[in-house]
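Subject: Structure handover

Hi,

Here is the structure I promised to pass on. Please have a look, then read my notes below.

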There are 4 protein chains.
Amino acid sequence: MTQPNAVHDQRVGVWFVGARGSVATTATIGALAMAAGLAPRTGLVSELPEVAVAGLPPLEGLITGGHDILETPLAHRAQVLADSGVFPPALVTALADELAAADSRIRLAPRLSTQRESAQAVEQDIRAFREDNDLDRVIVVDVSNTEPPATQRPELDSLAALEEALDAGHAPLPTSSLYAYAAFRAECPLVSFTPSPGATLGALTELAKEQALPWAGRDGKTGETLVKSALAPMFGTRALKVRSWASYNMLGGGDGQTLADPRAAVSKTTTKGAGLDAMLGYHVEGPMHIDYVEDLGDWKTAWDNISFEGFLGTRMTMQFTWQGCDSALAAPLVLDLVRLTARAHERGENGVVGALAFFFKDPLGGIDHTLSGQWRTLAQWCENLGASA
Amino acid sequence: MTQPNAVHDQRVGVWFVGARGSVATTATIGALAMAAGLAPRTGLVSELPEVAVAGLPPLEGLITGGHDILETPLAHRAQVLADSGVFPPALVTALADELAAADSRIRLAPRLSTQRESAQAVEQDIRAFREDNDLDRVIVVDVSNTEPPATQRPELDSLAALEEALDAGHAPLPTSSLYAYAAFRAECPLVSFTPSPGATLGALTELAKEQALPWAGRDGKTGETLVKSALAPMFGTRALKVRSWASYNMLGGGDGQTLADPRAAVSKTTTKGAGLDAMLGYHVEGPMHIDYVEDLGDWKTAWDNISFEGFLGTRMTMQFTWQGCDSALAAPLVLDLVRLTARAHERGENGVVGALAFFFKDPLGGIDHTLSGQWRTLAQWCENLGASA
Amino acid sequence: MTQPNAVHDQRVGVWFVGARGSVATTATIGALAMAAGLAPRTGLVSELPEVAVAGLPPLEGLITGGHDILETPLAHRAQVLADSGVFPPALVTALADELAAADSRIRLAPRLSTQRESAQAVEQDIRAFREDNDLDRVIVVDVSNTEPPATQRPELDSLAALEEALDAGHAPLPTSSLYAYAAFRAECPLVSFTPSPGATLGALTELAKEQALPWAGRDGKTGETLVKSALAPMFGTRALKVRSWASYNMLGGGDGQTLADPRAAVSKTTTKGAGLDAMLGYHVEGPMHIDYVEDLGDWKTAWDNISFEGFLGTRMTMQFTWQGCDSALAAPLVLDLVRLTARAHERGENGVVGALAFFFKDPLGGIDHTLSGQWRTLAQWCENLGASA
Amino acid sequence: MTQPNAVHDQRVGVWFVGARGSVATTATIGALAMAAGLAPRTGLVSELPEVAVAGLPPLEGLITGGHDILETPLAHRAQVLADSGVFPPALVTALADELAAADSRIRLAPRLSTQRESAQAVEQDIRAFREDNDLDRVIVVDVSNTEPPATQRPELDSLAALEEALDAGHAPLPTSSLYAYAAFRAECPLVSFTPSPGATLGALTELAKEQALPWAGRDGKTGETLVKSALAPMFGTRALKVRSWASYNMLGGGDGQTLADPRAAVSKTTTKGAGLDAMLGYHVEGPMHIDYVEDLGDWKTAWDNISFEGFLGTRMTMQFTWQGCDSALAAPLVLDLVRLTARAHERGENGVVGALAFFFKDPLGGIDHTLSGQWRTLAQWCENLGASA
Ligand SMILES: NC(=O)c1ccc[n+]([C@@H]2O[C@H](COP(=O)([O-])OP(=O)(O)OC[C@H]3O[C@@H](n4cnc5c(N)ncnc54)[C@H](O)[C@@H]3O)[C@@H](O)[C@H]2O)c1
Ligand SMILES: NC(=O)c1ccc[n+]([C@@H]2O[C@H](COP(=O)([O-])OP(=O)(O)OC[C@H]3O[C@@H](n4cnc5c(N)ncnc54)[C@H](O)[C@@H]3O)[C@@H](O)[C@H]2O)c1
Ligand SMILES: NC(=O)c1ccc[n+]([C@@H]2O[C@H](COP(=O)([O-])OP(=O)(O)OC[C@H]3O[C@@H](n4cnc5c(N)ncnc54)[C@H](O)[C@@H]3O)[C@@H](O)[C@H]2O)c1
Ligand SMILES: NC(=O)c1ccc[n+]([C@@H]2O[C@H](COP(=O)([O-])OP(=O)(O)OC[C@H]3O[C@@H](n4cnc5c(N)ncnc54)[C@H](O)[C@@H]3O)[C@@H](O)[C@H]2O)c1
Ligand code: NA
Ligand code: NA
């Protein structure tokens, strides 16, 4: 894969919101391992020829940093993940120095007395990161814990109203949206890997446009929803009527614990459920649960039961079990999204990037939920990006 | 869906090789039930707008007939299938007269002293069927039992050599190919719903060209292979490396019994296995079995275990179970293929129709094994057919 | 199987609370079908030699009746069940007269102004049934809808307090307990096939003792809990540590609809969960859901995922899927329990019959939750009953 | 658990045939780890109170040795197993010295010019092991590769005939039986953990009796067959008719490779299949496969599909998936069997020990295949052994 030189030399910063979490840690160590030639590039969509054609910034040029509310050293978090099988323990040892360096670029999440002040502190941290590390651009990636859906408020609908509320010392923004605000103010594209409100509020989409920044979201599509987006079109194009589709998910880990809170889970089950009806063209019944099962850790286990009807009303069943390592599935997508969003930024795209729907449970700016359709859209977009280089 | 009048008035004959088998019986009763408004059109791909746009002959105009080596009345076979849950028993009672009429159009398979004579007898039966029933065209559909692969012989490679061998009283043709030969001689398009050699021999593809006839094959894609063609691209486009893919199939019924013979099973496991490597671009290991389990009857149960590797070498697993009624899945495809092949014939297409790959395990004339790609190809072809009407 | 004559001549009445429900209807038609020689005795534990040895009343002598709040004819309910595959439709036709007769013995559940009056009306209906049909004894079987757990009240703890409250015109009893009260007053043994409070209240166990009546409960063990009671001892006796056991259940039908109400579901998930910890000797984590999925009807589908740890801490997994017809699993147990409780009554046993634990999710009077241990206890008890004949 | 002192002081030797294989290596490192307090005793049946009551020799007094045809150092084999997740890699480092010592006690399997000479060499190695290590007794455990069933020969039926054949320089014995012969000659009890012929030949059971030695077999019950022996009685005691039971097994590793050879697999599928019919009392149809899938390594994955019939002929289905680590399941049983056989030897038992059926797929000397029945027999036997101490 030959890429234009300009692109190859790029230094792209990745600013993680939730930089000490499972996904961020796995993405960080993975980028380091692959840059050092210690691991193959399995799982990276951006290494497939159809996507690499876009002319993406190299993995070797990625520099990570970010915010977190925890101070656990990155190497410690990495060791825990390695022990539970997310990646080989040998990597933690081999990359000890690099992890320490990455650790030193993580800042404690600012919690000042007003949202205005906090947002400015976040913005300054990001700007400092870009300057200190001599980066061409920084992509902010939200991989912190899932928040409940935002409640409707007029301040969230227009940028003017929002600025006014912030000036008045109010705190109208959900945390994920506060980070989105700061990212855009710092002139950084944003990737919303969580189902949290983030940049989806009217005031923030307005800000992104004003700043001419691209952003993408939301909620990385890594497990059961991924399988659904591959399977549901099979039923649709074969004219088989899905009678019910039950989805049972279990996982432990930090994300599992958060989702054990029903208010947070609403965001997730909403983004997970959206696609099925859209793909099939009618409403499909069926229970959907996400249960916290501590002993499973990052190893999500899901079982789906699909009851469907065929010719002359005959009823049939398909079931599947998915046993995937959540962080190992998420981390490469995060790197893919960073590279693709960086390229979009470089090419001057702005607003929500619908062509990245392939990566998301709730594909903002895209209407196609089928994996194959999203793949074609992505490949086409990458070809265009490459051609325009 | 408005269709050109000419098409709506068409009377299309369906000549089943294996007319008293499970698939043919289910297709026959299904066509009758839907024409009579006794059943919805679930499972018929040809009723989806993207396909109907081609301007297809109506179900109401389909007339069935065919050859079989058995003389069991169709109503009897239908009752057995209904009792085992393939379709509602009420249909057998309600359609008693229509089934008797269909039964009267089935002929005993001719077995004369030479293949030349047998072929002529088959041809005459088909021609008589067309004339007696005042049909615009007849589509021959092979749904008889699966044969072993053909052994290489020079007589099978060119039409001239074949004719010479037949003239000399030799019997070089596998049975499925003898039917294909007769079909083409009778100026009928052919649909090979089985994995048998059929028209794939050089001599016969030559004959189809000479007669300017379209034909399609082979081996209806109804179960595990269908799911594979929907799922494998997910692993591919997500850059997940499939380490092994095990496929275990059980079924009873006539087809199960045939496939319990390892020689016949070779044809099936070959067509079933072909696509996976093609879709992924590398060879995937894994056992594949088709076991005869009498008690399951037409209800095929399959279990697949997919072991795959993601980011940083992490190993994960997906399993699925498929519990489908084989004949209920196959019968609507047979009707779809008849309607589409009739339309192709009407439009003057000839040779193998690669655009029908969507329906087949071993898609002749097509190179794409992904279900979504095949669907797009089909929809595009149908749009063209419709436009050209 | 030779049985003492006295027993063979017995006429035993079965009084169903919920006589028009799925379980009662299936048990009624099943008893009729087997008595008439129209169906084999598959599924009847009481026909196994180890149990039949007790000298049980014959199926031919069972007469059914009962209460329900609905008036749908039994034949109609039976037709609906037959259409959904619970039993062969042919039985409904063949047994039309017998079903009509059974129907005529069902009474509308009395709902008078006080519980005292309602209880007396129930008692009178049962007594009339016994006399009109010249029955040796009547077993009351609760197969009505599941109720929430009873709230603690002093009137429910002692018989004297209960009688006083009823005299005072109060309504302290849950419906299932009101039926239990009336059954005992009518001198009838009781079988609690539901998880409802029934006779488990102090006042009622006292009444059963006073009336010297045997009773048994509770909550028929037919699906996932049955499998658990067979599997959990395997982990226990192999010293494998169960880390989590997740239980997901889906069903439609009347029972599914009731259990969709979280208050009723509590009774069920409590009785379902009780045994696992008892069998393993430690607490096992894991989600347990019962979801109403209308399209499944009586066909319950359950998936369990068991994560366990073996030698040197190695983690392993077992999963199972259960696709069972709930009423077809429950109905024979109801007949078994009637025959066994009738025999216990004849032999003068009283109080809760712990030896029937084999049949229940929440085995009252028994402490062993393992299926094999319960089976041995049952077989031993039956041998004793037989010997004492 | 208090045990008589005499027992506590015992030094028991374990002589592995196949000492460098997966099972032997895992058992060796496990015994060392537990003796050193580095691992809990999960998975050891001999640590459950019902079994420990027998007064078993302590794990701390076990000394391992054995024969193998390979010379790979034990620590190397252990590292490979640890890397594939069979046990924690840290154990290999922590126990490096102990593993080296165990390694030094393994001898190359003698292959001399006659079976007589080979047998004598094996015998001498075992005797030397006992003397050099000052052991109270040595238990020989066959964990080498599975052999095909033995062909019938008169020399194998009587000890006299066998001795004569060996004297004549003939080689009538399968390898596993040659080891059994040498073990008995060396006055050692034998545990046959494989399905190979071993001591099951007439001549060898005679020799065991003559030497007054206990022995036990055969084929450790660790996976699907274990589950069958827990589940099949559920169907039996519930009077549910099993219509078919399909068993699909996949595994990699050394054992998987051996079983990919159909001749060796016969031994395995025979011992695996035996129990089901015995437990249910009738013949059950269903395919059984063991497939070699390299990428799975020691992680056996099995899927079983059970089709059964209940009340009024209703058909239902149960499926299970088993994902177990074969060596981690087998190794503790090996240690259990060594301790129990040592105790039987000490108490003077001789001939095949039927009370150990709990541990075997093909329980020699036992007729009960149900896990619960085997467990009761084992517990009773242990209680007797303890009482007699
Ligand atoms: N893993 C997947 O497959 C997957 C897929 C889709 C979406 N996601 C989403 O990605 C997110 C991260 O998942 P995870 O498994 O890494 O979770 P995690 O709990 O391991 O990590 C979240 C991190 O966010 C930090 N955090 C919390 N509040 C913060 C704040 N106010 N500011 C900065 N940091 C904060 C936490 O301290 C923690 O380190 C979740 O929202 C999850 O739903 C994950
Ligand atoms: N059902 C599916 O899902 C499916 C999918 C793909 C392919 N197929 C193929 O379709 C074919 C039919 O399947 P089925 O289940 O109906 O099988 P079946 O055994 O019920 O029917 C086959 C029929 O062919 C007849 N026959 C045999 N030899 C003949 C001959 N020489 N001339 C005429 N008739 C002959 C038989 O008598 C029988 O009636 C099989 O080859 C099967 O592999 C089926
Ligand atoms: N089917 C099983 O496998 C199974 C197993 C264990 C327990 N159970 C229990 O058995 C019970 C019956 O199950 P089902 O599937 O037949 O349910 P169902 O809803 O089909 O039947 C219940 C019947 O009870 C009647 N009823 C309700 N209130 C009543 C009242 N006050 N007096 C008299 N009748 C009343 C209803 O009208 C209905 O006809 C449920 O409680 C269920 O939990 C069933
Ligand atoms: N792991 C389980 O769950 C399980 C269960 C039941 C039975 N078994 C049986 O246990 C046996 C061992 O399984 P494994 O996984 O350890 O296999 P393995 O292939 O890893 O080990 C077998 C060892 O035997 C050695 N060997 C071969 N021929 C020999 C000979 N003539 N003399 C001495 N040593 C010889 C091999 O070199 C190898 O080291 C197999 O027969 C298997 O069927 C295993
Ligand atoms: Na079939
Ligand atoms: Na092994």
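I start with D:Ser229. Leaving aside neighbours within four places in sequence, D:Ser229 is in contact (heavy atoms within 4.5 Å) with D:Lys221, D:Met279, D:His369, D:Thr370 and D:Leu371. The side chains of D:Ser229 and D:Lys221 are joined by a polar contact of 3.1 Å. A polar contact is a pair of N or O atoms within 3.5 Å; within protein, one must be able to donate a hydrogen and the other to accept it, and residues adjacent in sequence count only if both atoms are side-chain atoms. D:Ser229 sits in helix H11 (residues 224-237) of chain D; helices are DSSP runs of H or I with at least four residues, strands are runs of E with at least two, and both are numbered from the N terminus. D:Ser229 counts as buried because its relative accessibility is 3%, where buried means under 20% relative accessible area (1.4 Å probe, protein chains only).

A word on conventions. This is a predicted model, in which local features need pLDDT of at least 70 and side-chain atom pairs count only at pLDDT 80 or more, while totals for chains, interfaces and linings use all residues. Residues are numbered from 1 along each chain as its sequence is written, chains are lettered from A and ligands numbered from 1 in the order in which they are written, and side-chain values use heavy atoms, without hydrogens and water.

Next, ligand 1. It is surrounded by 28 residues (a heavy atom within 4 Å), the closest being A:Val23, A:Asp68, A:Ser144, A:Thr146 and A:Tyr179. A polar backbone atom of A:Ser22 lies 2.9 Å from an oxygen atom of ligand 1. For A:Val23, a polar backbone atom is 2.8 Å from a ligand 1 oxygen atom. A:Asn145 brings a polar side-chain atom to 2.9 Å from an oxygen atom of ligand 1. On its own, ligand 1 has 850 Å² of accessible area (Shrake-Rupley method, 1.4 Å probe), and the protein covers 93% of that.

In chain C, 28 residues surround ligand 3, and C:Val23 and C:Asp68 are among the closest. The side chain of C:Thr146 has an N or O atom 2.8 Å from an oxygen atom of ligand 3. C:Tyr179 places a polar side-chain atom 2.8 Å from a nitrogen atom of ligand 3.

Best wishes

Methods:
Buried means under 20% relative accessible area, exposed over 50%, partly exposed in between (1.4 Å probe, protein chains only).
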